[in-house]
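Hi,

Here is the structure I promised to pass on.

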Amino acid sequence: MAKVAKKTTSKRKTSVKRSEPVSAMDYSEHEKTYDLFLWLSRWTVVACVALLLAMMFGFFGGGGLIGGTLAFVVLMIAAFFVL
């Protein structure tokens, strides 16, 4: 009976080893994903600010739809070269 107990114990040890993760976290992929998140966040904020400024120019500055659209395009181009 002791021999049978040793065999089941050894099987349990190997099954515990198999349940552990095979590899560690892929840090390079994590950093790429985080860099993409930061890039998208930055450009989302820039686009929102440019849109608000363009709407302000269009509504209150007398630029209308065309002036507001041109202001948005100019602000996005300026942000592209600044950032």
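Below is what turned up, going from the whole chain down to single residues.

Keep in mind that this is a predicted model, where local features need pLDDT of at least 70, side-chain atom pairs count only at pLDDT 80 or more, and totals for chains, interfaces and linings use all residues. Residues are numbered from 1 along each chain as its sequence is written, and side-chain values use heavy atoms, with hydrogens and water left out.

First, the overall picture. The protein has three helices and zero strands, so the order from the N terminus is simply α-α-α. (Helices, H or I with at least four residues, and strands, E with at least two, are DSSP runs numbered from the N terminus.) The mean pLDDT, which is the predictor's confidence in each residue from 0 to 100, is 83, and 72% of the residues reach 70 or more. Helix α1 (residues 2-19) has the lowest confidence, with a mean of 54, while helix α3 (residues 64-82) has the highest, at 96.

Now the surface. Of the 83 residues, 11% are buried (buried means under 20% relative accessible area, exposed over 50%, and partly exposed in between, with a 1.4 Å probe and protein chains only). The protein exposes about 7500 Å², and carbon and sulfur atoms supply 72% of that; these areas come from the Shrake-Rupley method with a 1.4 Å probe, and for residues only the protein chains shown count as cover.

There is also a nonpolar patch of about 1000 Å² on the surface, with V45, L53, F60 and L75 among its members. (Patch residues have over 30% relative accessible area and no salt bridge; nonpolar side chains are joined within 5 Å, like charges within 9 Å. A salt bridge is a side-chain nitrogen of Lys or Arg within 4 Å of a carboxyl oxygen of Asp or Glu.) Helix α2 (residues 27-60) gives the patch its largest share, nine residues. L53 sits in that helix and is partly exposed, at 38%.

R42 is in helix α2 too, and its 41% makes it partly exposed. R42 and L83 are 41 residues apart in sequence, yet 9.3 Å apart in space, C-alpha to C-alpha.

Finally, the rings: there are two aromatic pairs (Phe, Tyr and six-membered Trp rings with centres within 6.5 Å; planes under 30 degrees apart are stacked, over 60 edge-to-face, the rest tilted). F80 and F81 are edge-to-face because their planes meet at 75°, with centres 5.4 Å apart. F80 is exposed at 55%, and so is F81 at 66%.

Cheers
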